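Open your viewer and get ready to select a few pieces, one stop at a time. Keep the sequence panel beside the picture as we go.

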Amino acid sequence: MGFITSLFNAMPGAVAQGLIWGIMAIGVYITYRILDLADLTVDGSLCTGGAVCVILTLNGVPVGVAIVCAFIAGLLAGLVTGLLHTVCGIPAILAGILTQLALYSVNLHIMGFGTANGSKANLPISVDKYDLLLSSRFVRDLSLRNPLVILVLLFIVLIPVTYCFFGTELGCALRATGANGNMARAQGINTNFSKVLGLMLSNALVALSGALLSQYQGFSDINMGRGAIVIGLAAVIIGEVIFSKVFRNFALKLLSAVLGAVIYYIVIQFVLKLGLSTDDLKLLTAVVVALFLAIPHFKGKLGSGKMKKAAGKETGANA
Amino acid sequence: MLELRNVTKIFNPGTINAKVALDDLSLTLNDGDFVTVIGGNGAGKSTMLNAIAGVFRIDSGSILIDGEDITGLPEYRRAAFLGRVFQDPMMGTAPTMELEENLALALRRGKHRGFGWGISRKERELYREELKKLELGLETRLHSKVGLLSGGQRQAVTLLMASLKKPKLLLLDEHTAALDPKTAAKVLELSDKIVNETHITTLMITHNMRDAIAHGNRLIMMNAGHIVLDISGEEKKSLTISDLLEKFNASSGNAEADDKLVLG
């Protein structure tokens, strides 16, 4: 009984965290599913978003402006990866790793802005002293400052806006670039521009997610983005596995990535309450994502195996 | 309208694998020309089309369309002038996008793509009409993902996409080679119809000498990056396969065995 009560008590927090990571999952969906690129920049840009948001807020910038700046910082991070990939011809996955590595130093300096040695790995911010948009403190409040309310409102705006963007000529060009780059160029689409734009938007959403996460948890930390890409992929894939039969519309597909993130955090809470050490979380996440990524592959193999068998039987019958 | 001036393209220059794919090639097409291109493997046919389309940069020479030098333009900018259909039916369409979305992408070729809607209600009528002309029953499948269509259907759709926004030049790169004979004939007939109705200047590569003779008003034969034969008008109309074969062998020497195979 105690287990269930404590699990139940942990639910609002898990859902809030899941929703915040859901923004990040939409970012990952843009690169991984729409552009067909695996972008590892996100491990760095998540923290960049958090660092920019916290340092600006601490220095007296209104929190709304700080969040917008975090978004812009994400755009820039994506721009760097995009240029490394398109202008310099570096494979996308490597371009992302390079930016991510560089961002580690950049993030330390952002958080260390104004300090003696100009570098800091962790930056706390108190909701008592600053007027933050959301905080885990109020996650059980029945009021408008409850982060769950704020996050749901955010998605009511974010998902339709993203949906509409991908319905525009520009958005269609992005989708065509991911679906068939060769065809896109033959139809006059600058695929390099599409890729850079997609990477920028994706990382901007990831940085936005980082900005909200740092406010929610009350600090930004140099390690907050470690393994973020895997969590983002987990959200996208869990969402697809569970909802793909029902959700066919593009807006609903975005929603399923968000719900995937929420489910991921609920499951994490569950296994933590069962007694799993937080140290083992990343191992568990990696194993789960590897499994989900492998399933379609093995399904395909199994399918063709069956076909071969069936074909064999048929020829046997004919003979 | 299309002019290739002394175009040279060398793949892997300076290595043991260096290959002169286009060797000081010059060619001028007149408005409304429908040119069939034949030649053995490695003669430079596809390289010539890809050079025109801007898939790679040429090493020397220049390419002009209607007097405008497009040699330095990237592939996506040249698309404004060109309609292209590829040998591989999978290459010309986006499989995960709907049929109408593919057509909408093609209708906006050469146009600035901004925040206007990617497809409008008015266009759907146009798409339905154009698809009806293909006589493949595709007009009822506007919302189907193109990946679900057969190779022949996809090739027909690519052909429609290439001509939907009338290009200055249509490039058909062995676009029926990967299809079964019946579908190939259908797609070829469709190509003929489109070219004859719209009078788009067209370059069509084919491996089939019979098709090369039967279609178009002009025929060119390539070998080793050169044009070795250029026949048009009445002379082309009276051309027979054996004439062509003789000329083919005279120009390419030991390739005789190959084309006998092609002709079956």
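Which helix of chain B lies across E6 and E7 of chain B? Select helix H5 (residues 151-164) of chain B: this helix lies across both strands, running at about 175 degrees to E6(B). Helices (H or I, at least four residues) and strands (E, at least two) are DSSP runs, numbered from the N terminus. Axes are lines fitted to C-alpha atoms, for helices over the stretch in contact, and angles run from 0 to 180 degrees between N-to-C directions.

Before we move on, a note on what you see. This is a predicted model, in which local features need pLDDT of at least 70 and side-chain atom pairs count only at pLDDT 80 or more, while totals for chains, interfaces and linings use all residues. Residues are numbered from 1 along each chain as its sequence is written, and chains are lettered from A and ligands numbered from 1 in the order in which they are written.

**Stop 1: the sheet under that helix**

Now colour the strands E6-E7-E8-E3-E9-E10 of chain B, which in that order form an open sheet of 6 strands with mixed pairing. Two strands pair if DSSP finds at least two bridges between them. At the edges you will find strand E6 (82-85) and strand E10 (226-232) of chain B, each pairing on one side only. From one strand to the next, the twist averages 15 degrees. Zoom in on E6(B) and strand E7 (residues 169-173) of chain B: they run parallel and are joined by 4 bridges. Here B:Leu82 stands opposite B:Leu169.

**Stop 2: another sheet in chain B**

Next, select E2-E1-E4-E5 of chain B, the order of an open sheet of 4 strands with antiparallel pairing. Strand E2 (19-29) and strand E5 (68-69) of chain B stand at the edges with a single partner strand each, so one side of each has no neighbour in the sheet. Strand E1 (residues 2-11) and strand E4 (residues 60-65) of chain B pair in the antiparallel sense over 5 bridges. Look for B:Leu2, whose bridge partner in E4(B) is B:Ile65.

**Stop 3**

Still in chain B, show helix H3 (residues 99-107) and helix H4 (residues 121-134), which pack at an angle of about 100 degrees with their axes 11 Å apart. That makes H3(B) roughly perpendicular to H4(B) (65 to 115 degrees counts as roughly perpendicular). B:Glu100, B:Leu103, B:Ala104 and B:Leu107 in H3(B) meet B:Glu123, B:Arg124 and B:Tyr127 in H4(B); residues are in contact if their C-beta atoms, placed from the backbone, lie within 7 Å.

**Stop 4: over to chain A**

Select helix H1 (residues 2-34) and helix H5 (residues 147-165) of chain A: they pack at an angle of about 20 degrees, with their axes 10 Å apart. That makes H1(A) roughly parallel to H5(A) (angles under 35 degrees count as roughly parallel). Among the residues making this contact are A:Val15 and A:Leu19 of H1(A) and A:Leu151 and A:Leu158 of H5(A).

**Last stop: where the chains meet**

Finally, show both chains together: 20 residues of chain A are in contact with 25 residues of chain B. Helix H6 (169-179) and helix H7 (181-186) of chain A each supply at least two residues of chain A's side. The largest share of that side, 8 residues, comes from H6(A).

Methods:
Contact = placed C-beta atoms within 7 Å. Parallel < 35°, antiparallel > 145°, perpendicular 65-115°, else oblique.
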